[in-house]
Amino acid sequence: MNPLAPAVLAPAVLALAALAVCAPAQATPHAPTSPAPVTRCGWFDNPTPGNAWLTDRQAQWVIGVQGGHQADGDWPDFPDDEWVSTNGHYGYGCACLRVIDNPRTHEIRRILRARARPLEACERDPALPRRHPVADSAQR
């Protein structure tokens with residue numbers, strides 16, 4: 001064996017290793033993984049057309065913004081006695097939604113299931129903010 005071989009080979013191997021580490025990685029196409037669905041329960045607000053959000057124990061989650069983000073899926077249907085009208089037929093109620101959300105942006109991306117709950121359920125939950133109904137036409 002040539003006595004210079006280790007002295008020549010070692011720098012060459014190190015240079016190749018450095019190139020392998022520093023070279024840009026090839027993008028491998030793969031489908032992004034969807035976050036697991038979660039159930040969120042709290043105040044469902046729909047104050048004006050196209051605007052809606054859910055306030056649960058953790059945060060306020062944007063469902064829709066007029067002219068902007070709109071979650072896929074159906075909103076809950078509220079019986080008249082479980083909906084507080086604050087602006088014509090717009091207002092708020094208590095609901096549970098099974099959703100795919102984005103915890104970083106607090107946006108609900110997709111509503112998988114939605115159900116109205118009695119107003120009392122949200123009113124009695126100490127983790128939810130208190131509501132002071134300002135119902136128009138004394139409805140409730």
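Trainee: Which residues of the largest nonpolar core touch the most other members?

Mentor: In soluble globular proteins, nonpolar side chains tend to be buried together. In this predicted model, the largest nonpolar core has 14 residues, and Phe-44, Ile-63, Leu-97, Ile-108 and Ile-111 touch the most other members. At least two residues of this core come from each of strand 2 (51–55), strand 3 (60–64), strand 5 (90–102) and strand 6 (107–117). Strand 5 supplies the largest share, three residues. Another core, of seven residues, lies apart from this one and includes Val-84, Leu-119, Cys-122 and Leu-128.

Trainee: With which residues is Ile-63 in contact, leaving aside its neighbours within four places in sequence?

Mentor: Among them are Phe-44, Trp-53, Trp-75, Leu-97, Ile-108 and Ile-111, together with His-69 and Gln-70.

Trainee: How many disulfides does the structure hold, and which pattern do they follow?

Mentor: A disulfide is a covalent bond between the sulfur atoms of two cysteines. The structure holds two, and their pattern is 1-3, 2-4, with bonded cysteines counted along the chain. In one, the sulfur atoms of Cys-41 and Cys-96 are 1.9 Å apart. This pair links distant parts of the chain, with Cys-41 in strand 1 (residues 38–48) and Cys-96 in strand 5, 55 residues apart.

Trainee: Is Cys-41 buried or partly exposed?

Mentor: Cys-41 has 24% relative accessibility and therefore counts as partly exposed, whereas Cys-96, at 5%, is buried.

Trainee: Which residue does a disulfide join to Cys-94?

Mentor: Cys-94 is joined to Cys-122, with an S to S distance of 2.0 Å. Cys-94 lies in strand 5 and Cys-122 in helix 2 (residues 119–123), 28 residues apart. Both cysteines are buried.

How values were computed:
Residues are numbered from 1 along each chain as its sequence is written. This is a predicted model: local features need pLDDT of at least 70, side-chain atom pairs count only at pLDDT 80 or more; totals for chains, interfaces and linings use all residues. Side-chain values use heavy atoms; hydrogens and water are left out. A nonpolar core is a set of buried Ala, Val, Leu, Ile, Met, Phe, Trp, Tyr and Cys residues joined through side-chain atoms within 4.5 Å. Buried means under 20% relative accessible area, exposed over 50%, partly exposed in between (1.4 Å probe, protein chains only). Helices (H or I, at least four residues) and strands (E, at least two) are DSSP runs, numbered from the N terminus. Contact means heavy atoms within 4.5 Å. A disulfide is a pair of cysteine sulfur atoms within 2.5 Å.
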